[in-house]
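Hi,

Here is the structure I promised to pass on. Have it open while you read, and my notes follow below.

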Amino acid sequence: MRIELQGGEKFNGSPLKIVNQMKGSTMFSDVKTIREYVDMVLRNAKMVENVELTVKGNTDEELARSLVSELLERGLAREV
């Protein structure tokens with residue numbers, strides 16, 4: 001899978017690999033876990049884009065899959 005965010009950043013791989021790449025490119029160095037990163041993305045999407053994302057999962061893989069799916073469904077990212 002390969003996605004492009006609205007800002008033009010491109011990421012590829014499995015959903016978990018994509019979210020890890022996204023997490024690595026964030027300017028917030030205090031975000032250490034996938035859960036923390038997902039929570040930050042949810043807050044920012046609501047604040048900046050006025051979009052409420054629904055992300056569910058118990059494992060990093062489930063959270064990543066759910067986040068990538070939501071970003072695509074809500075138009076915050078597209079598959080390329």
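Helix α3 (residues 60–73) lies across β1 and β3, and runs at about 95 degrees to β3. Helix α1 (residues 15–24) lies across β1 and β2, at about 140 degrees to β2. Helices (H or I, at least four residues) and strands (E, at least two) are DSSP runs numbered from the N terminus; contact means heavy atoms within 4.5 Å. Axes are lines fitted to C-alpha atoms, for helices over the stretch in contact, with angles from 0 to 180 degrees between N-to-C directions.

Before going on: this is a predicted model, where local features need pLDDT of at least 70 and side-chain atom pairs count only at pLDDT 80 or more, while totals for chains, interfaces and linings use all residues. Residues are numbered from 1 along each chain as its sequence is written, and side-chain values use heavy atoms, leaving out hydrogens and water.

Now the sheet: 3 strands make an open, antiparallel one in the order β2-β1-β3 (strands pair if DSSP finds at least two bridges between them). β2 (10–12) and β3 (77–79) are at the edges with a single partner strand each, so one side of each has no neighbour in the sheet. β1 (residues 2–5) pairs with β2 over 3 bridges, and E4 has K10 as its bridge partner in β2.

Cheers
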